[in-house]
Each structure stands twice: as C-alpha cells, then as structure tokens.
Amino acid sequence: MRELTYVEALREMMSQEMRENENVFLMGEDIGVYGGAFGVTRGMIEEFGPERVRNTPISEAGITGSAIGSALTGMQPIVELQFSDFITIAMDQLANQAAKLRYMYGGKGNVPMVLRTPAGSGTGAAAQHSQSLEAWVAHIPGLKVVQPSTAYDAKGLLKAAIDDPNPVIFYEHKLLYKTSSEDVPEEPYSIPLGQADVKREGEDVTIIATTVMVHRALEAAKSLAEEGISVEVIDPRSIVPLDEETIIQSVIKTNRVVVAHEAVKRGGYGGEIASMITESEAFDFLDAPVKRLGASPVPVPYNPELEKAMTPQTEDLIRAVKDTLNRE
Amino acid sequence: MAKEIFMPKLSSTMETGTILQWLKNEGDPVEMGEPVFEVMSDKINIEVEAYEEGVLLKKYYEVDEVVPVNTVVGYIGEENEEVPDTAPAGEEEKAEEPVSEAIEENTLETTTDKTDTSKVRATPAARRAAKEKGVSLFEVTGTGPKQRIHQDDVHLHAEEDGQQELKASPLARKWAEADNVNLENVEGSGPRNKIYTRDLTSQSEQIDEPERVPMQGIRKVVADRMTESASNVPHVTLYSDIDMTEAIRLRSQLQDKMVEKTGYKLSYTEIIAKAVAVTLKRHPYLNASLNEEKNEIILHQEVNIGIAVATEQGLVVPVVSKTDQKGFTELVKETKQLGESARKQQLQPNQMQGGTFTISNLGMYAVDGFTPIINQPEAAILGVGRMKETPVGVNGNIELRPMMAFSLSFDHRIVDGAPAAAFLTDLKHALESPYELLM
C-alpha cells in the first residue's frame with residue numbers, strides 16, 4: 001500500500017480539498033514560502049498562490065477572528081496556529097464567537113472553520129510550546145475537538161473537519177508529524193467525527209489513549225502480550241464528539257480500563273472519560289478502579305529527561321495495566 | 001443538620017434498652033413530641049418521643065435489638081439529608097462507666113452483620129457476578145488490595161461451592177433415603193441451606209406445630225432478672241400462718257368510709273403493706289440492699305414497698321414510696337392507681353424505681369404458700385398466700401380462724417435467719433393487732 005507521513009497526509013488532504021473547493025483557504029504565520037513551523041504547508045503557496053495560502057501577522061486572536069468572519073460569509077478557512085499553546089490568545093474568539101454564533105443566530109449563520117495546531121511535548125520546546133490544552137476547548141459547547149494519532153486518521157479526520165459546518169479544533173502532535181501509515185489511500189476519504197478506532201483488540205484490559213499515547217499504549221500492549229496479558233487499545237480520535245458506545249462495550253468486555261493522555265492529569269479529559277464509564281452501564285462490569293494516566297501538574301521542563309518523566313511513558317502504561325489486574 | 005435520636009437512659013441502673021417497635025418508618029415525617037419508637041428498659045416499656053421536627057432519616061437498629069443507653073439509634077432531619085450508614089458509637093458514657101465497652105462491642109456486631117454486604121470490599125463486577133450466581137460476598141475471599149473481592153474470586157468461589165452440590169447432614173441423608181424423600185425438594189434451614197432432619201419432618205409428615213412466642217419485652221426482662229436473682233442470691237424462705245381475724249374487722253370497719261372517700265375499696269394488700277412498712281422501720285436489715293461492688297450493705301431510710309402486679313405482658317412491680325408514712329386513704333388511692341397504670345402499661349419509669357422491699361400477693365388464688373424470688377437488689381420479699389378458715393387451738397379450744405399463709409424469702413448474705421424470723425414474728429403481731437398500725 002501507499003506509505004505516507006502524518007505531515008504529508010495533512011498536506012495532501014488540504015491540497016485535494018482546495019483543488020475541488022474554492023471556498024477553502026489557509027491562514028497562518030509563516031505558512032507561505034517557509035511552509036509553516038513544521039512544514040505542513042510546504043509547497044502549497046506555489047500551487048495555490050498567496051491569495052489562498054495567506055501569511056498573517058503574529059496575532060492569534062486576529063487570525064482566528066478573521067477566519068470566523070470569513071466563515072460566516074460562506075468561506076471555509078483552515079487556520080494554522082504555530083503552537084497550540086497560543087490558542088490561549090485566540091480563546092475569546094473561539095469560546096465567545098466561533099462556538100456561539102450558530103446557536104445565537106438560531107442556525108442562520110455557520111462557522112465552518114478548522115483550526116489546526118500542533119500540541120504536545122517531547123521536542124524540548126519547553127513550558128510555553130509543549131502543552132496539551134485540549135480539555136480547555138473540549139469544555140466549550142459549540143467547538144468540536146479532534147486528535148488524530150496516525151497519518152491515515154489525520155487525512156480522513158481533516159476531510160471530515162473541513163466538511164463540518166461547525167468550528168473544529170484539530171490537534172496535531174509534534175512527535176507524530178514524521179510518523180507514517182502504510183495504507184493511506186490517495187483519493188480523499190472522510191472519517192466521521194465521534195467514531196473511535198479500536199487500534200488493537202484485547203480481552204483483559206482496555207486502554208483508552210489519545211494522540212501520542214496511542215502509540216505508547218500499543219507498545220505497552222505488545223510487551224504485555226508476551227506476559228499473557230491481552231490489552232485492547234481504543235483511540236477516540238475525537239474527544240468532542242466522543243464515541244461513548246465503543247468505550248462502554250470494550251469495558252463491558254474487559255472489565256478493566258486505563259485512560260491515558262499526555263495532558264496534565266488534573267482536570268484533564270481523562271477524568272471526563274472515566275466518569276462517563278462509571279455512569280454508564282459498564283459500571284457493573286468494572287472489576288478494578290478506573291485508572292487515569294496523565295502528566296504531572298508542573299510546567300513542561302526544559303530538560304529532556306524531566307520532560308519525559310512528567311508525561312506517561314510506555315512503562316507507566318504497563319504498570320497501570322498490571323495495577324488494574326492486581327499483578328506486579 | 002440531622003439530629004441524633006438516642007437510646008434514653010430512663011433510670012440510674014439502665015444500661016441497655018430493647019427496641020420493641022418503631023412507630024415511624026424511614027422517610028416518615030415526625031412532629032416534635034410524637035412517639036418515634038418504643039423501648040423497654042429493665043423496668044418498663046416506654047414510647048420515646050421526638051425532640052425535633054423533621055423526617056425520620058435513619059433507623060440503625062431493628063426490633064428486639066438491645067442497644068446501650070446514649071447510643072444513636074437514628075436521625076431526624078430534613079428530607080434527603082446525609083447521615084452515616086452505620087450507627088455512630090455512643091459518646092457520653094465512655095469517660096465514666098465501663099458501659100463504653102459494651103457500646104463498642106455492640107457497634108462492631110452490627111457492622112459485621114452477615115446479611116449486610118454493603119460493607120464488603122468488592123468491585124462492581126464482583127457484585128454483579130455474586131448477584132447472578134447467588135453467592136454471598138461474605139463468604140468469598142478477596143485477592144485484591146485490602147482483600148477487595150474481584151470477579152474471578154466470585155467465580156472461583158461459586159465453582160468450589162458447586163462441587164459440594166446439595167448440603168445435608170449425614171443423618172438427614174439416611175432419613176431421606178429411608179423415607180424415600182428427594183432431598184432436592186427439601187428446603188434446608190441450616191447455613192447455606194444445609195438440610196437437617198428437622199427440615200425433613202416438616203416435609204414428610206404434617207405435625208401440629210407448637211406456637212412459638214419470642215422471648216421479648218417484659219417476658220425477657222423477668223426471665224433475666226429472676227435467673228440472676230435465683231442463681232446469685234442465697235435464698236432462705238420462712239413461713240408463718242397469720243390470724244387475720246382482727247385485720248378483717250379493721251377492713252370491714254373502714255370499708256364504707258374508704259369507698260366514700262376514695263372510690264376504692266380497702267384490700268388486704270394495703271393492710272399488709274402498711275403492716276410490713278411499719279414493721280420494717282424496726283428491722284433495718286430487711287429494708288436494705290447489697291452493693292456487691294463496694295462490698296457494703298445499704299440500710300435505707302425510706303420504706304418504699306414494691307407491689308408485684310400481674311399484667312398480660314408479665315410481671316411488673318410499681319413502688320409505693322414512703323409507705324410507712326402514708327395513711328390508709330393515701331395508700332389505697334396510690335396502690336389502686338399504680339395497679340391500673342400497670343395493667344394499662346402506662347407506668348412511668350420513676351413509678352418503678354426506689355423500691356426497698358417487695359410484696360407478692362397470690363392470695364386471690366388457691367395458693368397456700370410459695371417461695372418468692374427476691375427482687376434484686378432488695379434484701380427480702382414477702383409472699384402472701386390465700387386466707388382460709390383453719391382450725392387452730394385457742395386457749396384450749398379448737399376454733400376456726402381465717403389464717404393467711406405468709407412466706408418471707410430473704411438474702412442470707414445481708415441478714416441471718418434469726419433477725420429475719422424476728423421480723424416475720426413482728427409482722428405477725430402487727431397483723432394480728434392491726435389497730436396498733438394506726439398509732
């Protein structure tokens with residue numbers, strides 16, 4: 001099959017969509033000739049020109065506000081924020097405008113925009129360029145939140161995000177940009193938002209993991225399989241909307257669950273997933289407390305070892321799985 | 001704030017109370033002053049009233065449970081207010097009395113009640129599995145942290161249990177074989193439905209079952225107190241037949257006036273009580289009680305005569321305080337009223353306290369004499385039998401005299417035979433010359 005990296009998959013999807021749909025255009029800092037901070041838009045200005053691949057000043061609030069305005073007029077902007085940490089600057093536009101307008105105008109206006117932005121640590125980018133703040137936006141009704149973990153998912157979810165008439169926050173992960181999937185079709189395809197993917201089937205414990213944690217969960221599952229422990233790995237792919245049914249059915253099957261994300265555990269979205277499980281029919285099937293894994297509540301350290309230590313690693317997942325099984 | 005309902009301490013000697021019935025259910029609204037439950041102390045049944053207005057939130061004890069005084073038995077508060085799942089331990093008594101031990105034991109017992117599985121550490125999955133398989137979580141060994149029971153523990157237990165299949169005693173098996181009874185159709189009454197022979201009899205033949213009355217309420221108290229007294233106190237009983245000729249005369253002379261004045265008749269009980277009270281003043285060791293802990297005999301200044309009254313529920317002993325100082329009018333009124341209250345079960349705790357001597361009168365029956373059991377901690381009790389015309393020798397002649405059989409049981413630890421006999425002799429004199437009582 002056709003092997004493509006995460007970056008290439010995203011670029012391919014945007015390019016394919018822009019060829020077909022003249023309403024779609026890009027806005028962001030240094031996305032033109034430079035190709036964006038992580039090279040996602042590299043070469044696109046050559047094909048689509050500066051009208052549709054628009055370099056902007058360094059003002060996240062301004063870029064986001066412009067995108068919302070153009071979306072209201074019928075355009076389908078794709079905004080790129082260089083680092084998802086800076087979403088805080090665009091927060092008023094997102095929370096008070098993008099998320100509200102369709103509702104407040106009784107459906108007479110839509111905000112069909114996508115805000116792409118890289119999150120996560122592991123690159124030595126320190127405290128202000130490494131956070132995972134997806135829980136902030138997931139809390140706002142009116143925003144959809146997508147977190148692809150593979151090139152294949154990235155392409156299909158981006159298509160669904162562009163097609164969606166609502167604002168979608170599309171979290172990419174810095175460590176995943178160079179990872180590749182072996183089976184990315186060339187023709188455009190869409191993965192519906194709110195459809196989780198079972199990345200690995202198992203019987204004993206379910207790990208629900210997002211973005212980079214999906215890969216660590218798969219590594220953990222592989223290692224645990226050698227000890228005879230069968231782990232199921234579920235990637236929700238979008239946390240808003242969340243595919244509750246897939247998670248619940250998996251927990252009913254395995255009776256044990258570990259929820260893992262890279263974001264700080266305190267107030268993280270894992271708490272929401274854990275609560276959802278205990279409130280659901282899966283409660284009576286739980287044979288161990290729901291285990292949450294997340295980062296320590298500290299700023300991301302500018303030190304590679306400490307940076308690793310604060311976020312859940314494969315070994316942490318292995319230990320968590322064994323905890324739920326009462327095994328050392 | 002939810003307010004506690006305490007087991008009241010109704011007398012200085014009350015250490016525990018038995019809950020006879022709850023008059024309210026959990027969730028019922030309760031007015032201030034409304035009875036919430038009925039309690040029985042060692043002396044009395046009484047309805048405990050609410051001190052608060054609100055909703056009965058919680059009942060920690062069932063009917064017939066024995067609860068130490070000052071223990072929280074429930075809560076009254078606003079609807080849906082949170083209260084503890086198990087009864088908090090009593091507090092007030094802890095510092096001063098050894099009662100605290102009893103309180104702790106009691107709460108421990110209730111929390112480990114085998115039917116209450118809510119306190120077992122088990123995962124939701126284990127609970128579901130236990131429910132499906134009909135396994136009691138109490139019998140499952142948990143392998144998780146802090147003995148938490150997991151699903152697999154339940155499955156394992158159920159498997160082991162299944163291997164034993166039908167539980168029956170060896171004798172029951174033989175019996176069933178002989179009678180051709182299929183044990184699978186028999187409901188076992190033992191632990192985990194183990195079948196005993198008694199379960200087979202109810203199966204194979206129709207037997208007129210005896211009525212079984214639970215030992216509770218006054219019955220249980222009487223049983224406990226009598227056993228304690230009979231087994232701990234060295235009883236000696238003295239008998240004397242007393243000529244009641246003069247007492248009869250006294251009674252008939254006072255009768256009309258008495259009815260006119262009080263509406264009640266003067267009965268021999270009051271005459272005897274008065275005679276006993278006056279005589280006791282001269283025999284302090286018969287009007288005494290023993291404090292075993294302090295190793296001392298308490299000689300009471302007051303003469304408070306307890307009069308045993310038979311009620312439908314059992315024996316109660318209301319007390320006529322300062323009997324020696326009361327005239328017949330007062331005595332008749334008080335005794336009759338106490339008797340009525342006793343039969344209606346309306347005696348207040350203070351009406352049964354402070355007795356120093358007890359009279360048990362069976363004279364209305366064909367009883368010539370009996371050995372009464374002392375009403376602890378008193379020193380003695382007087383049993384009164386019937387009056388009957390008996391030929392007695394009087395000054396060389398045989399005469400028929402109304403003789404009444406008296407028996408005095410006394411605690412030989414407190415008093416010896418001679419002084420007790422002297423008391424009975426003086427009592428005989430008092431009753432045979434009753435006019436002296438008026439002096």
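Predicted model: local features only at pLDDT ≥ 70, side-chain atom pairs only at ≥ 80, totals over all residues.
Reader: What share of the contacts in chain A between residues at least 6 apart in sequence join residues at least 24 apart?

Author: That share is 80%. Two residues are in contact here if their C-beta atoms, placed from the backbone, lie within 7 Å. Residues are numbered from 1 along each chain as its sequence is written, while chains are lettered from A and ligands numbered from 1 in the order in which they are written.

Reader: How many helices and strands are there in chain A?

Author: Chain A has 12 helices and 14 strands. Both are DSSP runs numbered from the N terminus: helices are H or I with at least four residues, strands are E with at least two.

Reader: What makes a residue of chain A count as buried, and what percentage are buried?

Author: A buried residue has 20 or more other C-beta atoms within 10 Å of its own (12 or fewer is exposed, and in between is partly exposed), with C-beta atoms placed from the backbone. Of the 328 residues in chain A, 52% are buried.

Reader: Why are H7(B) and H9(B) called oblique to each other?

Author: In chain B, the axes of helix H7 (residues 245-262) and helix H9 (residues 328-343) cross at roughly 60° and come within 11 Å. Axes are lines fitted to C-alpha atoms, for helices over the stretch in contact, and angles run from 0 to 180 degrees between N-to-C directions. Under 35 degrees is roughly parallel, over 145 roughly antiparallel, 65 to 115 roughly perpendicular, and the rest oblique. H7(B) and H9(B) are therefore oblique.

Reader: Which residues meet there?

Author: From H7(B) come B:Leu254, B:Met258, B:Lys261 and B:Thr262, and they meet B:Phe328, B:Thr329, B:Val332 and B:Lys333 of H9(B). By class, this contact has 4 nonpolar, 2 polar and 2 charged residues. Nonpolar means Ala, Val, Leu, Ile, Met, Phe, Trp, Tyr, Cys and Pro; charged means Asp, Glu, Lys and Arg; the others, Gly among them, are polar.

Reader: What about H8(B) and H10(B): at what angle do their axes cross?

Author: Helix H8 (residues 268-280) and helix H10 (residues 417-432), both of chain B, have axes that come within 9 Å and cross at roughly 130°. That makes H8(B) oblique to H10(B). Their contact has 8 nonpolar, 1 polar and 1 charged residues.
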